[in-house]
Amino acid sequence: MSRVYNFSAGPAVLPEEVLREAAEEMLDYRGTGMSVMEMSHRSKAYESIIQGAEADLRELMGIPENYRVLFLQGGASQQFAMIPMNLMKNRVADYIVTGQWAKKAWQEAGIYGKANKIASSEDENFSYIPDCSDLDVSPDADYVYICENNTIYGTKFKTLPNTKGKPLVADVSSCFLSEPVNVEKYGVIYGGVQKNIGPAGVVIVIIREDLITEDVLPGTPTMLRYKIHADNASLYNTPPAYGIYICGKVFQWLKRQGGLEAMKEYNERKAKILYDFLDESRLFKGTVRKEDRSLMNVPFVTGDGDLDVRFVKAAKEAGFENLKGHRSVGGMRASIYNAMPIEGVEKLVEFMKKFENEEK
């Protein structure tokens with residue numbers, strides 16, 4: 001069977017090159033006589049895998065020396081609690097709510113202190129990014145929080161909020177490594193890797209050293225303290241070893257593509273093909289304000305629920321998988337992460353044109 005075009009929002013498409021490499025090494029990783037799945041995380045072979053992955057990520061993102069890179073478990077959702085537990089010294093934090101995941105993070109923070117919602121786009125079903133140039137940032141807030149790319153709704157912060165000197169914490173799960181980033185603008189950048197980097201089960205946290213302290217909220221479990229993981233180079237306990245190994249392969253693949261500048265250009269070309277079609281289509285329409293559109297997640301609708309269902313079914317039969325929108329919003333969504341080849345988007349648009357003509 002040939003591979004389908006997988007438009008899933010996550011777990012998502014991985015570079016074929018990476019999958020083939022991993023398949024070749026499955027039974028014997030570089031002469032060790034065993035798979036990485038079977039390998040001790042304390043072994044020299046694994047040490048070189050995790051250290052190599054960190055070095056490549058640092059190079060790709062230009063991560064300064066005063067930031068630590070942590071490979072953790074629990075996905076992005078566990079960070080909703082870990083962030084306030086470690087950073088909410090004054091028990092106050094400000095949240096910008098631009099989608100379901102930001103909302104969940106805000107609600108979770110409310111368990112640990114005063115979580116202020118200082119901006120939101122919920123009034124228009126999260127179809128835009130609010131103006132964050134002059135927010136009412138709380139004087140005693142420990143940080144300002146955003147979800148930078150909203151996977152469900154297809155919006156993206158093109159300009160980071162003015163946090164008025166407070167550390168910016170950003171969930172970048174669905175735009176991780178899709179474009180260059182100035183790490184110094186953030187206190188914490190984190191993301192689950194299952195959208196743009198690797199298999200589910202790993203979350204990467206990039207955190208400024210001054211934010212890693214012993215001073216955490218009372219009752220914070222040992223496993224949820226950044227300092228424990230930083231002091232132990234992400235090897236305090238058995239890490240998600242195989243997932244990190246695949247992430248490392250993806251980092252190397254990205255370097256071979258020309259790095260994040262090249263990826264941004266490629267992602268813009270891909271997204272333009274789909275958005276241009278949606279803007280001229282008489283049947284399909286995008287749901288996001290143009291200036292806030294994501295390069296990674298493209299939601300669209302026909303305006304008729306039954307027709308949406310018919311389209312998703314027909315697309316699946318034609319080899320286009322996982323185009324159904326998130327259960328909370330319906331419609332369709334094409335996630336076109338780094339590993340989605342441009343011809344996948346071209347073929348999808350071709351199919352959408354054909355479907356539109358048949359529906360006239």
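Before counting any strand pairs, I had to settle what a pair is: two strands pair if DSSP finds at least two bridges between them. I also noted that this is a predicted model.

**Entry 1**

I started with β8, residues 168-171. β8 and β9 (residues 188-192) pair in the parallel sense over three bridges. I looked up one of the partners: Val 169 is bridged to Val 188 in β9. Then I checked β5 (residues 144-147), which runs parallel to β8 and is joined to it by four bridges. Val 169 turned up here too, as the bridge partner of Tyr 145.

Are the residues of β8 buried or exposed? I found Leu 168 and Ala 170 on one side and Val 169 and Asp 171 on the other, and all are buried, so both faces of the strand are covered.

**Entry 2: the whole sheet**

β9 pairs with β10 (residues 203-208) in the antiparallel sense, over five bridges. Val 188 has Ile 207 as its bridge partner in β10.

What is the order of the strands in the open sheet? I read it as β2-β10-β9-β8-β5-β3-β4, seven strands with mixed pairing. β2 (67-72) and β4 (114-120) stand at the edges with a single partner strand each, so one side of each has no neighbour in the sheet. On average, neighbouring strands are turned by 20° against each other, direction ignored.

**Entry 3: helices on the sheet**

I then looked for helices packed on the sheet. α2 touches β2, β9 and β10, and its direction makes about 130° with that of β2. α4 (residues 100-109) packs on the sheet as well, touching β3 (92-97), β4 and β5. The direction of α4 makes about 160° with that of β3.

**Entry 4: helix against helix**

Last, I checked α2 (residues 44-61) against α6 (residues 241-257): their axes come within 9 Å and cross at roughly 40°. The two helices are therefore oblique to each other. The crossing is left-handed. On the α2 side, the contact residues include Ile 49, Ile 50, Ala 53 and Leu 57. On the α6 side, Ile 244, Tyr 245, Gly 248 and Phe 251 are among them. I sorted the contact residues by type and got 11 nonpolar, two polar and three charged.

Conventions
Residues numbered from 1 in each chain as written. Predicted model: local features only at pLDDT ≥ 70, side-chain atom pairs only at ≥ 80, totals over all residues. Heavy atoms only, no water. Axes fitted to C-alpha atoms, helices over the stretch in contact; angles between N-to-C directions. Parallel < 35°, antiparallel > 145°, perpendicular 65-115°, else oblique. Left-handed = near helix turned anticlockwise from the far one by under 90°. Contact = heavy atoms within 4.5 Å. Nonpolar A, V, L, I, M, F, W, Y, C, P; charged D, E, K, R; others polar. Buried < 20%, exposed > 50% of the residue type's maximum accessible area, 1.4 Å probe, protein only.
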